Amino acid sequence: MATPQSDTPLSPLRTVAVVGLGTMGTGIAEVLAAAGRDVIGIDVSEAQAAKCVAALEASTARAVERGRLTGQQRAELLARVTTGTDLSAAAPADLVIEVAPESYEIKQQIFRELDGIVRPDAVLATGTNALSVTRLAADSAHPERVLGLHFFNPAPAMKLVEVVSSVLTAPAAVTAVTDLALDLGKEPVAVGDRPGFVADGLLFGYLNQAAAMYEARYASREDIDAAMRLGCGLPMGPLALLDLIGIDTARTVLEAMYTASRDRLHAPAPILKQLSEAGLTGRKAGRGFYTYEAPGSGTVVADALTPREDGPSAVGRPVRSVGVAGSGTMASGIAEVFAKAGFEVVLAARSEEKAQAAKARIGKSLSRSVDKGRMTAEAAASTLDLIRATGTYDDFADVDLAVEAVAEDLEVKRQLFTTLDKVCKPGAVLATTTSSLPVVACARATSRPQDVIGMHFFNPAPAMKLVEVVRTVLTADDVHATVREVCSKIRKHAVDCGDRAGFIVNALLFPYLNNAVKMVQEHYATLDDIDAAMKLGGGYPMGPFELLDVVGLDVSLAIEKVLHREFRDPGLAPAPLLEHLVAAGCLGRKTGRGFREYAKR
């Protein structure tokens with residue numbers, strides 16, 4: 001049989017040993033056995049090996065109950081799995097996958113012992129997501145047969161598998177493992193050897209920033225998590241995800257990433273060390289960023305940090321009528337949201353024509369809702385009747401709340417707030433929908449900065465549930481209470497944050513997008529592989545390059561420049577590739593070309 005030193009294809013990987021039978025090892029064993037492979041499960045702990053068997057029995061029993069397996073198929077699957085505590089049981093394996101703890105010492109010891117046990121043509125795979133595959137391979141007698149095979153948790157459900165080559169890995173070994181992944185029903189992505197690979201390389205920087213944001217008391221844990229779920233469509237918020245992954249595990253991954261990159265965004269937030277060393281490692285300990293019903297439980301219980309349900313102590317001002325300034329998609333969407341909630345709306349633009357066009361856009365949106373059965377024709381008509389389009393801001397004289405949604409240009413917004421200050425009645429709340437500019441700069445353009453606040457809606461406003469409520473150091477308590485009450489009436493989820501660049505969502509989202517661009521720029525991975533990795537491995541509704549092209553590369557670049565200017569962190573400097581594309585006029589879907597090309601409409 002050919003050795004992995006040549007490019008000669010290896011024989012199919014029929015017998016697979018899994019070393020380390022924790023949650024991940026057990027999941028991998030189930031995936032392999034379900035695909036007809038003979039599995040040799042090995043763990044130093046007899047109790048853990050027994051726990052693996054019990055977990056497989058329970059999981060396959062549930063599959064039978066749900067009609068995914070027959071009783072006969074379940075029996076055959078379980079018969080293909082044997083477990084033990086002696087590494088020599090791996091001798092007949094065509095492939096060994098180790099998923100031992102993230103420690104060079106432990107993993108290298110396993111590989112050294114395997115060198116004397118398995119056949120020379122057997123492939124050795126590490127399940128690490130933080131350690132150097134090259135370093136592990138270099139310590140092996142046959143480095144050409146060592147590679148990384150990174151499954152995602154839970155292994156039976158998650159489709160992504162990262163196949164990690166070192167400079168020493170033989171192509172035949174990569175091909176054999178890639179073919180196996182496809183046969184398992186997974187989607188393999190080929191990546192090079194650097195800490196975190198693609199998915200975790202992008203994910204953990206984002207998680208780290210969220211931990212630092214919480215540690216700085218910029219926003220509550222609940223608001224940070226809600227913002228990223230509702231603002232980005234993520235399945236979990238970052239702090240809840242850190243608790244699920246294990247705060248100690250996240251710290252280990254980030255330490256490895258920082259050692260390789262020296263990027264401050266990867267330097268573990270101090271709170272991760274504090275929680276780890278206190279034993280508050282997340283769900284498995286029963287407490288991390290949140291407190292859980294019991295160790296291993298996913299049920300969050302109230303603790304001293306849980307927000308009180310009675311809300312803010314201040315009483316808000318009455319709001320019956322709302323003025324919306326602007327004629328674009330965001331302005332019309334916000335006007336629609338308020339009218340649907342029964343507010344009288346004055347929609348003002350720079351001209352009567354622009355205002356009427358914006359109202360017509362709302363009419364079309366409401367018609368689509370009627371067509372889809374979401375509202376009656378009568379309700380749509382009465383909603384539209386609540387909106388008065390006008391070409392002058394003088395018609396804001398009697399509104400209780402004025403919301404501006406004009407161009408994201410500070411001078412334009414400041415001029416508008418100067419106008420609103422003159423036109424709006426005393427006591428009216430003045431709100432800006434800016435996503436990146438300082439709210440206090442808008443406030444200082446008025447004689448009543450205490451009445452100014454940020455209300456950052458997300459696009460499309462009628463569909464997106466999140467509103468970031470941005471207080472400045474000058475915002476009055478009753479103004480904040482007013483906006484919180486209004487958000488409740490328009491059925492939006494409000495999160496509180498301070499007046500700094502990016503607020504919650506953009507401050508966490510855009511560095512992640514920027515790091516994805518850097519991966520492509522450095523030829524580490526392709527656009528398609530990165531997008532696939534984040535959708536399949538992270539549960540993101542869109543890959544980073546899909547999202548950048550939708551948002552607009554010029555808009556993305558502007559936000560990244562604001563973040564870099566505010567925080568002065570070299571890691572936040574926009575990727576040169578993004579700047580080059582914007583300079584070339586490749587702005588995304590709106591121009592027909594961004595990171596990808598699009599058919600012209």
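Biologist: Why is Glu277 called exposed?

Modeller: Buried means under 20% relative accessible area, exposed means over 50%, and partly exposed lies in between, computed with a 1.4 Å probe and protein chains only. Glu277 has 57% relative accessibility, so Glu277 counts as exposed. This is a predicted model, where local features need pLDDT of at least 70 and side-chain atom pairs count only at pLDDT 80 or more, while totals for chains, interfaces and linings use all residues. Residues are numbered from 1 along each chain as its sequence is written, and side-chain values use heavy atoms, with hydrogens and water left out.

Biologist: What makes the contact of Arg251 and Glu277 a salt bridge?

Modeller: The term asks for a side-chain nitrogen of Lys or Arg within 4 Å of a carboxyl oxygen of Asp or Glu. For Arg251 and Glu277 the N to O distance is 3.6 Å, so the pair meets the definition. Arg251 lies in helix H10 (residues 247-261) and Glu277 in helix H11, so the bridge ties together parts 26 residues apart in sequence. Here a helix is a DSSP run of H or I with at least four residues, a strand is a run of E with at least two, and both are numbered from the N terminus. Arg251 has a relative accessible area of 21%, so Arg251 is partly exposed.

Biologist: How many salt bridges does this rule give?

Modeller: The count comes to 26. One of the pairs is Arg221 with Asp303, where the closest N and O atoms are 2.6 Å apart. Arg221 lies in helix H8 (residues 221-232) and Asp303 in the loop between strand S10 (300-301) and strand S11 (321-325), so this pair ties together parts 82 residues apart in sequence.

Biologist: Are Arg221 and Asp303 buried, exposed or partly exposed?

Modeller: Arg221 has a relative accessible area of 2%, so Arg221 is buried. Asp303 has 23%, so Asp303 counts as partly exposed.

Biologist: How do you know that Lys590 and Asp554 form a salt bridge?

Modeller: Their N to O distance is 2.8 Å. Lys590 is in the segment after helix H22 (576-583) and Asp554 in helix H21 (residues 553-567), 36 residues apart, and the pair links distant parts of the chain. Asp554 is at 27% relative accessibility, so Asp554 counts as partly exposed. Salt bridges can also join into a network, as with Asp94, Arg119 and Asp121.

Biologist: What makes Tyr214 and Phe289 an edge-to-face pair?

Modeller: A pair of aromatic rings is described by the distance of the centres and the angle of the planes. Rings of Phe, Tyr and Trp (its six-membered ring) pair if their centres lie within 6.5 Å; planes under 30 degrees apart count as stacked, over 60 as edge-to-face and the rest as tilted. The structure holds six aromatic pairs. Tyr214 and Phe289 form one that is edge-to-face, at 5.7 Å centre to centre and 80° between the planes. Tyr214 is in helix H7 (residues 199-215) and Phe289 in the loop between helix H11 (270-277) and strand S9 (291-292), 75 residues apart. Tyr214 and Phe289 are both buried.

Biologist: Why is the pair of Phe338 and Phe343 edge-to-face?

Modeller: The ring centres of Phe338 and Phe343 are 5.7 Å apart and the planes stand at 85°, so the pair is edge-to-face. Phe338 has a relative accessible area of 0%, so Phe338 is buried. Phe343 has 6%, so Phe343 is buried too. Ring pairs link Phe338, Phe343 and Phe457 into a cluster.
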